[in-house]
Amino acid sequence: MAMKGFTRKFKPLEIITEEQVEAIHRGILDVLQTTGVRFESKRALKLFEKNDCQVDYDNMRVKFPPGLVEECLRRCPSSFRVKAREPKNDLIIGGNTVYFVASPGMQTVDLDTWEPRPATKKEYYDTVKIMDALPNLHLFCCYTPYFGFEGIPEVMKIPEGLAAKIRNSNKFTWSCFSNDCEIFNIKMVKAVGTETIILAMMASPPLTYYNSAIECAFRTLEADLPIGVDTGTVFGATGPATIAGSLVTYTAELVAGIVLIQLIKPGTRTFIAGFPHPQNMRSGSPAFGDIGISLFDVAFNQICRKYEIPCRNTASAYSSSKKMDFQCGYERGIPAILSAVSGAQFIHVHGGMYGELAHHPIQDILDDDVAGMIGRFIEGVEVSDETLAIDLIEKVGPIPGFYLNKEHTRKWWRKEQFVPEVADRLTYPEWINSGKKTAFDYAKKRMEEILATHKVDPPLTNSQEEDIERILKEAREYYRKKGLITDEEWETYKKVLR
Amino acid sequence: MSNEILENLKKAILEYESEKAANLAREALEKKIDPAKALNVMTEAVRQVGDGFGRGELWLPDLVGAADAMQSAMPIIQKEIERKGMKVETLGVVVVGTVFGDIHSIGKTMVCTLLAAEGFTVYDLGVNVTAEKFIEAVKKYKADILAMSALMTMTAPEQRKVIAILKKENLRDKVKVMVGGGSLTEEFAKNIGADGYDPTAPGGAKLARRLLNK
Amino acid sequence: MLKGFTRKFKPLEILTEEHVEAIHRGILDVLQETGVRFESKRALKLFEKNDCQVDWSNNQVRFPPALVEECLRKAPSSFRIKARDPKNDLIIGGNTVYFEPGVGMQTIDIDTWELRTATRKENYDGVTILDALDTVHFLSCYCPYFGFDNVPSVMAMLESVAAKIRNSTKAQWSGYQGREVFVIEMAKAAGIELLGNIICSPPLTYYGDGVENIFRFIEAGFPIDVCGGGTIAGATGPATVAGSLIADGALNVAGIVLVQLIKPGTRVIVQGGAGPQNMRQGSPAFGAIGGSLHNVAYNQIFRHYKIPIMDAGCYAGSSKRIDYQNGYEKAIPAVLAALSGANLIGFHGGMYGELSWHPFQAIIDDDVAGMIGRFIEGIKVNDETLAIDLIEKVGPIPGFYLNKEHTRKWWKKEQFVPKVADRLTYPEWMKTGKKSCLDYAKERMDEIAATHKVAIPLTSSQEKDIERILKEARKYYKEKGLI
Ligand code: B12
């Protein structure tokens, strides 16, 4: 058994031709061979050298023979399973299956002022619980819901966040690294018998890998876990302003990471994360919500299909709007449907608000409807004698013929339609009578309901809970010793822990 | 004749033509044009582009393009000014970098470009810069301003550390410290004892002027 | 000619070829076996003359498949519609995508979100705004409002057409309800064409006035919109998408047959628009994804017939406000329509279920339409855009692209820069009073109202003609006791 997700039942949307995919692929091979990629790690450089790459130790630049690159791409499995705490939440990643992933946001927002502020520990745990309850949310991303919570030292934010997700949900989660925290992340998932995908192999565009990412990749593979390769090009800043050009640099970065992974441990379950954006030419920040991201993602999905490596799309994760308003709606809806019809295996939809900086559980609940609706779309149209219903049409005939009272309608309507949980579907007079409630109001109510009734099933066993607490303690001591938790931070932290 | 060259130099910057700007700078000096005058038209051109940006007519690539074109002509003109024993007109020396542990480079690079365009002499130390490297550079370049960028809450405290070392080395009153980057707030900046903070790169360039009363 | 947008890649297809064939055969079979009811003697006679089997007792027509297929072939795959200003002419068909406004019966009060009738000024201002928005290429019938304050309902249609002729030079379509005589006269006076429409009533029925009016429009030489009238899956069509495709498709194809029998080669655009029923309220489930499943499949079938397509149903969601739900309920269907081959998409300004319309919404939708348009224009892949040499030159960190000529040249072609979306960073947003797209839309509306002029105002003799025709109509309806 595994999490079903949604299955796309028709050919994916393609916006570039096969020849164009080829041209981009050749560009990638050429950049890897001619320009090369910088790897700030002796260990990696040596491995590359041993495998016939041309290594310039002074500049830490590696140039790759195309044959090796293509061979390493082939080593990646096209589909694989990752284990969650409950087998029903395992994921089978690849092909035409689509999973919806929560979007990270650094902080929560105040619903009166729409200003961001740090989440409290309770808000963090509650939000995880809400996400556990949403049927169309299939897994967690690393920094979801928030980047840690109030009162904990910076270095403990990632491990504490992971612990919260393990405690309050048994859905699968990705995780991340910073200051060696992957050591503790790996221990925690092992302690509860699950896996995680660490987005370890993270490039810094243009064409650079820093040592911490590479070290984390080595650790991940030693632990026999699947791995994510990641990069975050901003077109016009850290990549060419053209989508085609950024497809080349972005993918070249990812492919270089894949080569390292497949050299360290051939056959490693690898998936492609990544985070592309045009640049906002006014503020310099990534242009969240820009349609250029979707143009990029849809073409990128074509390239990943050629490589037969599963990938994710982030275009629908964030909007530029600061509120849950119309803009946020179209800036999420359009990219999400485009990603789903074009073959991404993971799509970030739930909960993200402005530019990776904010997340809110009400947004999660609203987005569960969006995900459900998109999931229903990609499941497509069933065509069979029964659904074509020619006999029924003959029987009903012209007006005054009517379908509502037919057995066929009772049997089929629920399969054909998607019925949202919190969208306002009232008629105008009913809406006036209801006190003019909006989807937002219904979402708030659903949030309260979930918090009052939802239970994580099954909860951690006592011994698992003890393990988690022990590993967190280890982490705290490790960072205290390293001087990365100041006395002042430690005092506040202790209060939060109580 | 000399006017025409200066006009063209200005135009080259307004049209973001780096190579042309450098060639025209050379030509101007060959024709014995006063380097100070050349410098003036260059600054004027960049200011014009900056104003266009401020009004919302021009965009970042234009702003940065003009700054780049100016930067390519600048060393040529400066060398001549020095040779003539005139004082190099700079608003001040700024050392810039993204702090240790942090590899976010986009905002920092914008800050560098705009400071240069404003008329500062800029030394870009790159990303992942240790406190020691910052201090070393402040000493080496006799910096008037130290500008640090930090994009993550995890790395922002590095700035506090750098300021502490500046104090220890008795450098704190010799250099103004300004900070910025996505994770910072005005409050945090005050808290760590920085002299200034701005949420934008263009604002940062203006802030640098204010810090030096220029 | 208005360029609109051009889809530069293969359309999205959610049916296999075999599915399309199965549905096509289903349509032919329903037309042959079940037939369609036409409440019009004139039409029935014409069908009989053309070898259809007509049952005069219940007005039901059964069509020989060969006739149906022949009539489908007679409709042109692409054609021009003339506007008052030739630069606003449309060439409809193939992979072009045009947008038109949504319709709403009334306007809303932005503070209470309640419906109220628009004033005459609001209606005229609404047209001005639509005239000013670049992504509005065509004006729908009954847009922006279904009439306005103090206009008797028989005059609503005519006053609406007059407002659009006066305040815009864009092409438009028009409803009928027995008003077509005056509407056609007005169009002739202004020197434009109107897209007429034949509306049907699912299941499988055409009423008399719906049929009568297209004889007049076709006589005038105008193109025709064959309008499905909105099959509701589970009420007026089968609850399954596949079944409703057949029921709705058969109805529309019957309309096309009639049009092509009246005058072969008549320009036709077909309007699908089936959607599921809201099984609690009984109303159409506006904004439901089932509508898109239907439309995308429908577009695939009519592409197969090579008949231009209008997806008019992308403008109405179920939300009553300009909010998050409204955002995704409008945007997702619109982008799916654009991907799957709709040539004309109804979009701007519509809010809840055809009942409300607002100029703020239209202005925000201008950004959404622009964004969708940019998407379907796709990606350019050539040596310059691939930029391999530039990548080599820039190299790894600290390489940077912002200061490069290549960036200056290309970024605006690659990105779409919206007009009223909030694109600020948090600190900037807080400093500028936390404005949202709604605030910016208001600013843009004021700006348009203050500065926009119709490119070619009506000549005074045209204006006189319009006023004279309106007068005639008023008199006519007064005498008929309808006012
Ligand atoms: C692009 C990006 C990346 C790219 C960076 C590419 C590059 N070469 O820079 C990549 C993908 C590589 C990346 C990596 C990571 N990132 Co990152 N990234 C971002 C993102 C989306 C945008 C940052 C950006 O460039 N903004 C645009 C620039 C122009 O803004 P800016 O730098 O703030 O600069 C403006 C002003 O602040 C000002 N300014 C900047 N500096 C200065 C200095 C002075 C003196 C002054 C006056 C002004 C000033 O001027 C600029 C323009 O006006 C942010 C989210 C966000 N919305 O901000 C996350 C974000 C910053 N990243 C984050 C994280 C966690 C990471 C990683 C650790 C991820 C991981 N391992 O999984 C790694 C970091 C590794 C490391 N050791 O640093 C987090 C930080 C969370 C936190 N706790 O603070 C953020 C907030 C996202 C999130 N919510 O998770 N990232």
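1. The ligand is surrounded by 44 residues in this predicted model, the closest being A:Tyr143, A:Glu356, B:His104, B:Ser105 and B:Thr153, where a residue counts as near if one of its heavy atoms lies within 4 Å of the molecule. Because the surrounding residues come from chains A and B, the site is shared between chains.

2. As to class, the shell around the ligand holds 24 nonpolar, 17 polar and three charged residues; here Ala, Val, Leu, Ile, Met, Phe, Trp, Tyr, Cys and Pro count as nonpolar, Asp, Glu, Lys and Arg as charged, and the others, Gly among them, as polar.

3. The cobalt atom of the ligand has a single donor from the protein, namely NE2 of B:His104 at 2.3 Å, with donors taken as N, O and S atoms within 2.8 Å of the metal (3.2 Å for Na, K and Ca), and since water is not among the atoms, sites may look incomplete. B:His104 itself sits in the loop that runs between strand S1 (93-98) and helix H5 (106-118) of chain B, helices (H or I, at least four residues) and strands (E, at least two) being DSSP runs numbered from the N terminus.

4. In chain B, H5, strand S3 (145-149), strand S4 (176-180) and helix H9 (201-211) each supply at least two residues of the shell, and H5(B) gives the most, with four residues.

5. A polar side-chain atom of B:Ser149 is 2.8 Å from a nitrogen atom of the ligand, while a polar backbone atom of B:Gly182 lies 2.9 Å from a ligand oxygen atom.

6. Residues are numbered from 1 along each chain as its sequence is written, and chains are lettered from A and ligands numbered from 1 in the order in which they are written. In this predicted model local features need pLDDT of at least 70, side-chain atom pairs count only at pLDDT 80 or more, and totals for chains, interfaces and linings use all residues, while side-chain values use heavy atoms, with hydrogens and water left out.

Notes:
A polar contact is a pair of N or O atoms within 3.5 Å; within protein, one must be able to donate a hydrogen and the other to accept it, and residues adjacent in sequence count only if both atoms are side-chain atoms.
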